Amino acid sequence: QLQLVESGGGLVQSGGSLRLSCAASEFTGNNYAIGWLRQAPGKEREPVACISTGGSSAYYADFVKGRFSISRDTAKASVYLQMNALKPEDTAVYYCAAATFVTSRAGTLSCSGYDYWGQGTQVTVSS
């Protein structure tokens with residue numbers, strides 16, 4: 001069964017940067033669109049970004065557009081989330097997961113039906 005492992009979280013000051021990594025346990029992970037989702041204390045989990053299997057298409061939530069960038073390295077079966085200009089409201093546990101339902105319309109990627117979740121990595125942004 002596919003396993004995903006996140007890393008790269010930590011404590012950073014407002015305006016700083018972090019790069020999260022999501023490593024798949026096997027190369028079948030390359031067959032899935034991979035998404036990053038986050039959950040802050042007392043809030044529901046929300047999608048942050050998603051990248052297509054080939055890496056040519058991506059989805060970003062409005063609140064991270066222009067600040068976060070998702071990428072993948074199929075040779076390493078890994079997906080990355082570069083987070084710049086971090087804000088205190090970005091504080092959350094960040095999860096990566098494989099999307100089992102993916103659509104692309106007019107160049108806009110949509111990912112859902114997430115499965116094979118990682119354990120999460122904590123990101124804390126201090127003000």
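Which residues are linked in a network of salt bridges? They are R38, E46, R67 and D90, and the close-ups below start from them. This is a predicted model, in which local features need pLDDT of at least 70, side-chain atom pairs count only at pLDDT 80 or more, and totals for chains, interfaces and linings use all residues. Residues are numbered from 1 along each chain as its sequence is written, and side-chain values use heavy atoms, with hydrogens and water left out.

View 1. R38 sits in strand 4, residues 33–39 (strands are DSSP runs of E, at least two residues, and helices are runs of H or I, at least four residues, numbered from the N terminus). Its relative accessibility is 6%, so R38 counts as buried (buried means under 20% relative accessible area, exposed over 50%, and partly exposed in between, with a 1.4 Å probe and protein chains only). Leaving aside residues up to four places away in sequence, R38 touches E44, R45, E46, V48, F63, V64, F68, E89, D90, A92, V93 and Y94 (contact means heavy atoms within 4.5 Å). Two of these neighbours are also polar partners: the side chain of R38 has a polar contact of 2.9 Å with that of D90, and another of 2.9 Å with that of Y94 (a polar contact is a pair of N or O atoms within 3.5 Å; within protein, one must be able to donate a hydrogen and the other to accept it, and residues adjacent in sequence count only if both atoms are side-chain atoms).

**View 2. D90 and its two arginine partners.** Here the R38 and D90 side chains meet in a salt bridge of 2.9 Å, N to O (a side-chain nitrogen of Lys or Arg within 4 Å of a carboxyl oxygen of Asp or Glu). This pair links distant parts of the chain, with R38 in strand 4 and D90 in the loop between strand 8 and strand 9 (92–105), 52 residues apart. D90 counts as buried because its relative accessibility is 1%. D90 also forms a salt bridge with R67, whose closest N and O atoms are 2.7 Å apart.

**View 3. The K65 and D62 pair.** A search of the whole structure finds 4 salt bridges, and one of them joins the side chains of K65 and D62 at 3.2 Å, N to O. D62 has a relative accessible area of 64%, so this residue is exposed.

**View 4. M83 in strand 8.** Let us move to M83, which belongs to strand 8. With a relative accessible area of 0%, M83 is buried. M83 and S17 are 66 residues apart in sequence, yet their C-alpha atoms are 5.4 Å apart in space. Beyond residues up to four places away in sequence, M83 touches G16, S17, L18, L20, R67, F68, Y94 and V123.

**View 5. The residues around the cavity.** The structure holds 1 cavity of 30 Å³ or more, and the largest cavity has a volume of about 50 Å³. On a 1 Å grid over the protein atoms alone, a cavity is a set of points where a 1.4 Å probe fits but cannot get out, and lining residues have an atom within 4 Å of a point. Grid points are joined across faces, edges and corners, and a volume is the space filled by probe spheres set on the points. Its lining consists of L4, C22, A24, G29, N30, I34, R72, A77, S78 and V79. Strand 3 (18–24) and strand 8 (78–83) are the elements that give two or more residues to this lining.

Key:
1 Å grid on protein atoms, 1.4 Å probe; cavity = no way out; pocket = protein on both sides within 12 Å on 5 of 7 lines; lining within 4 Å.
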